[in-house]
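Subject: Structure handover

Hello,

Here is the structure I promised to pass on. Please open it next to this email and follow along.

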Amino acid sequence: MSDGWRLIRRQLWTQRWGLAFGAFVALAWTAAKVSVPALVALAIDEGMEPKDESAIMHYAGLIAVAGVFVATFTGLRRYSAFREARRTEAVLRDRLFAHLQRLHFSFHDGQQTGQLMSRANNDLQQIQNAVVLVPLTIANLATVLAVLVILVLTDPVLTVLALGSLPAVNVLAKTFASKLQPTMTTVQQESAELSAVVEETVAGIRVVKGFAAEDTQSARLADEADDLYEVSMEAARIRSVYWPALEVIPSIGLIMVLAYGGHQVLNGNLALGDLVAFNAYVVLLVWPLRMLGWIVAMSQRAAASAQRVHEILATEPLVVDPADPVPLPETGGDVRFDHVVFHYDGNDHAVLDGFDLHIPAGQSVALVGATASGKSTAAKLISRFYDVRAGAVRLDGIDVRDLRLAELRGAVGLVFEETFLFSDTIAANIAFADAEASIDDIERAARLAGAHQFITELAHGYDTEIGERGFSLSGGQRQRIAIARAILADPRVLILDDATSAVDPTKEHEIRDALGAVMRERTTVVIAHRPATIALAERVVLIGDGQVVADGTHAQLLRDSEAYRQVLASAAASEEQARHAALEGEGVVAP
């Protein structure tokens, strides 16, 4: 929790001038508010008691002016409070979003998207709610202090009777806060778990429907909702125990004031106007004291949320720019793996173990191997998605760890196995790496990728809006747009990670033709299992147990490597089983 409070304090310090204005407005509001009972007392003692109508009208006018000031400063206080609260939320959201983009792949590998979304939305909302209370809290504290001074000057005995319950209120408030804080932390965690289930279900709705798993997901959601309900009710139970006492105890002072103060007026020791004003001041204290419990609850919830945001912001990126980056040469594309050793976090088994491979500039190489042999991992290391545990990956003779990440990733283009498109126009998706690209460049990339024809046949052509992830298009169409996106970036090294796996084999030739044109005179790493796609490459490298097992052309390895033939046969069998399963799912009898 201390880190959460520290995050809030640091952010508020950066907004100190805006908060100072809010504090000034709050103090002005307090001055106007506190003046009203004093004016009422004067109206009674100098107007009503001697029956001076002009004095009554005079003080009535002053009370009206004070009311206008209260209303004006109430509006300014609310505006400044919400302005600073929204600024806090916006700044922290920008920081969190930018930091999430900087964080390394292994961090994202272990995180649920729903959890991160919850921290970026729900938790920041809780912090914003607490910042809104800052001017209100200042106004309340100023009101309490001002009223205390006035009460003591009016009658010390009455003040003790009126405020004798304050120590009990303070003890209750501290106990309330200590019991509520861990519960509110759990509430935020359970809210994030619930968000994660919703996000996963919506993102994977095709899988959910495809396996008729709606009831399963509903049961998961119900479990998480029940957990959230239980912990929320625990927080409600704590509030129900302490909140009534925090509300009732301050009211006891009113009874004491009326009992003792009434006798003082009857005995002539206290003016009636002073007693009325005294009661008004005590009533003025009731709301700030009642607010104490609410402010404590809100601040505890905000601190719990800030702690969760801090956990993200305090995570240091493991893959960062070097202190003294080395620039890439103007042209190139030479890739070399030197005795590379790599394993993923949480798994000591080496995916690559002493991996050596040299790909000269302009050459196309197909990486082939059994599942989990390290093909995709090797490709990810070129872009430095992860850092090697030992050895080095070099691009044009330079260790990728010595290159600026933006320059490295601008030099390496990727087409992933799972195509991800954004909810935007087709043109914007193709120009994702270069938002300033001209329509001519976009069309050229689409032509090379074999996508131009089907795009122009759409109702709005390149301005066609595609749905989330591009699922309004076929798998082959999405893949060709992804290839066009990589082409437009004009990388010196192009990585095609099973780029035809989502395409029907009968349509694969269309993608292969596009790939053939793109790969020409460009260093290309093809990860594939279909022989026709592998044949696009000049050279084939078979990977097994994290090392190079065989190296040659497709024809050579087919002739000389039993391991290569087994890998291809296994891949063909798996694809055939998947095809049969798909046909059976559609009610078709496979031949």
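Below are my notes, taken topic by topic.

**Ground rules**

This is a predicted model: local features need pLDDT of at least 70, side-chain atom pairs count only at pLDDT 80 or more, and totals for chains, interfaces and linings use all residues. Residues are numbered from 1 along each chain as its sequence is written, and side-chain values use heavy atoms, with hydrogens and water left out.

Helices (H or I, at least four residues) and strands (E, at least two) are DSSP runs, numbered from the N terminus. Two strands pair if DSSP finds at least two bridges between them. Buried means under 20% relative accessible area, exposed means over 50%, and partly exposed lies in between (1.4 Å probe, protein chains only).

**The six-stranded sheet**

Six strands make an open sheet with mixed pairing. Their order is β6-β7-β8-β3-β9-β10. The edges are β6 (412-415) and β10 (547-552). Each has a single partner strand, so one side of each is left without a neighbour in the sheet. From one strand to the next, the twist averages 20° (axes are lines fitted to C-alpha atoms, for helices over the stretch in contact; angles run from 0 to 180 degrees between N-to-C directions).

Look at the β10 end. Strand β9 (residues 539-544) pairs with β10 in the antiparallel sense, over five bridges. Valine 541 stands opposite aspartate 551 in β10.

Aspartate 551 also forms a salt bridge with arginine 539, at 2.8 Å from N to O. Aspartate 551 lies in β10 and arginine 539 in β9, so the pair ties together parts that are 12 residues apart in sequence. A salt bridge here is a side-chain nitrogen of Lys or Arg within 4 Å of a carboxyl oxygen of Asp or Glu. Aspartate 551 is partly exposed at 42%.

**The four-stranded sheet**

A second open sheet has four strands, in the order β2-β1-β4-β5. Its pairing is antiparallel. The edge strands are β2 and β5 (398-399), and each pairs on one side only. Strand β1 (residues 335-342) and strand β4 (residues 390-395) run antiparallel and are joined by five bridges. Phenylalanine 337 has valine 393 in β4 as its bridge partner.

Side chains of opposite charge can pair when their charged atoms come close. The count comes to 17 salt bridges.

One of them links aspartate 3 and arginine 6, with the closest N and O atoms 2.5 Å apart. Both residues lie in helix α1 (residues 2-14). They are three residues apart, about one turn of the helix. Aspartate 3 is partly exposed, at 25% relative accessible area. Arginine 6 is partly exposed too, at 31%.

Next, glutamate 84 and arginine 83. Their side chains meet at 3.0 Å, N to O. Glutamate 84 is buried, with a relative accessible area of 1%. Arginine 83 is partly exposed at 26%. Arg83, Glu84 and Arg87 are linked in a network of salt bridges.

**Helix α16**

How far apart are the end C-alpha atoms of helix α16 (residues 475-488)? They are 20 Å apart. That agrees with the 20 Å its 14 residues should span at 1.5 Å a residue (the expected span is 1.5 Å times one less than the number of residues). Of its 14 residues, 14 are buried, so α16 is largely enclosed by the rest of the structure. Aspartate 490 follows α16, and its phi is positive, near 50°.

Two pairs are worth a look.

- Glutamine 363 sits in the loop between β2 (352-359) and β3 (364-369). It is buried, at 18% relative accessibility. Glutamine 363 and alanine 537 are 174 residues apart in sequence, yet 8.2 Å apart in space, C-alpha to C-alpha.
- Valine 144 belongs to helix α5 (residues 113-154). It is buried, with a relative accessible area of 18%. Valine 144 and valine 286 are 142 residues apart along the chain, and their C-alpha atoms are separated by 9.5 Å.

Best wishes
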